[in-house]
Amino acid sequence: MADILYTYKDQVYANITNRCNCRCRFCIRSHEDAIGDATSLWHKQDPTPQEIKEAMDAFDFHGYKELVYCGYGEPTCALETLIDTARYAKERYGLSIRVNTNGLGSLQHGRDIVPELAQVVDSVSISLNAPDETAYNEVTRPTLPGAYQAMLDFAVQAARQIPEVRFTIVDVLPEEEIQASKDLAASLHIPLRIRKFTT
């Protein structure tokens, strides 16, 4: 059975789905079956909300203040499960909730999901990946048309309703793309974090 909760670099993560609407060239799941203290992050089928809550009840959250929804899939592909279990984690364990996302949740579900996320989510980290649509499509390889603009629109809406929102890119991008990403993020008034690429 795949791990639902795992720790990595002093943080605890929730791996709630393996579904994803992107096929990013740098995605770690293309290289490893697990990260951190997980033994496997590949679910035979996505865990139910009850299974996730049971995993939370069995986990020692002492010393942790935040639960990060980030595993081997896009968390917003399991939106109802995400919201249900995030509310449980907040109410039962007093945890702050962060979602690491590709920003395509609204496009995936055909509606603006930010108001739903804003009920339970304190922080959102959005994979910008590239500073323009052509480069984005090349590296991210989304399965949904219009993904790049949808990701930017999601980020803008999230920044209006969720306390902390940021973009991320990986440090393997060419310097000119890194600078262009900084400029784009600044134009949208959203902070940008440059992550170290790990395999």
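These are my notebook entries on a predicted model of a protein.

**Entry 1: overall layout**

I started with the secondary structure and found 7 helices and 7 strands. Walking along the sequence, I wrote down the order as β-β-α-β-α-β-α-α-β-α-α-β-α-β.

Next I looked up the dimensions. The C-alpha atoms fill a box of roughly 45 × 35 × 30 Å along the principal axes. The radius of gyration is 16 Å, and a compact globule of 199 residues would come out near 16 Å, so the two agree.

How much of the protein is buried? I get 49% of the 199 residues.

Taking contacts between residues at least 6 apart, 79% join residues at least 24 apart.

Then charges: I have 20 positive and 28 negative ones, and their mean positions are 1 Å apart.

**Entry 2: Arg-98**

I picked out an arginine in a strand: Arg-98 belongs to β4, which covers residues 96-101. Is Arg-98 buried or exposed? Its relative accessibility is 9%, and the cut-off for buried is under 20%, so I put Arg-98 down as buried.

What does the side chain of Arg-98 pair with? I found a polar contact to the side chain of Glu-66, at 3.0 Å. Glu-66 also turns up in the list of residues that Arg-98 touches, once residues up to four places away in sequence are set aside. That list has a run from Glu-66 through Leu-67 and Val-68 to Tyr-69. It also includes Gln-11 and Tyr-13, then Ser-123 and Val-124, and another arginine, Arg-166. Gln-11 and Tyr-13 fall within β2, residues 11-14.

What is the phi of Lys-9? I noted a positive value of about 50 degrees, although Lys-9 is not a glycine. Asp-10 has a positive phi too, near 65 degrees, and is likewise a residue other than glycine.

Note on methods. Residues numbered from 1 in each chain as written. Predicted model: local features only at pLDDT ≥ 70, side-chain atom pairs only at ≥ 80, totals over all residues. Heavy atoms only, no water. Helix = DSSP H or I, 4+ residues; strand = E, 2+ residues; numbered from the N terminus. Rg over C-alpha atoms; globule rule 2.2 N^0.38 Å. Buried < 20%, exposed > 50% of the residue type's maximum accessible area, 1.4 Å probe, protein only. Contact = heavy atoms within 4.5 Å. Lys, Arg positive; Asp, Glu negative; His and termini not counted. Charge placed at Lys NZ, Arg CZ, Asp CG, Glu CD. Polar contact = N/O pair within 3.5 Å; in protein donor to acceptor, adjacent residues only side chain to side chain.
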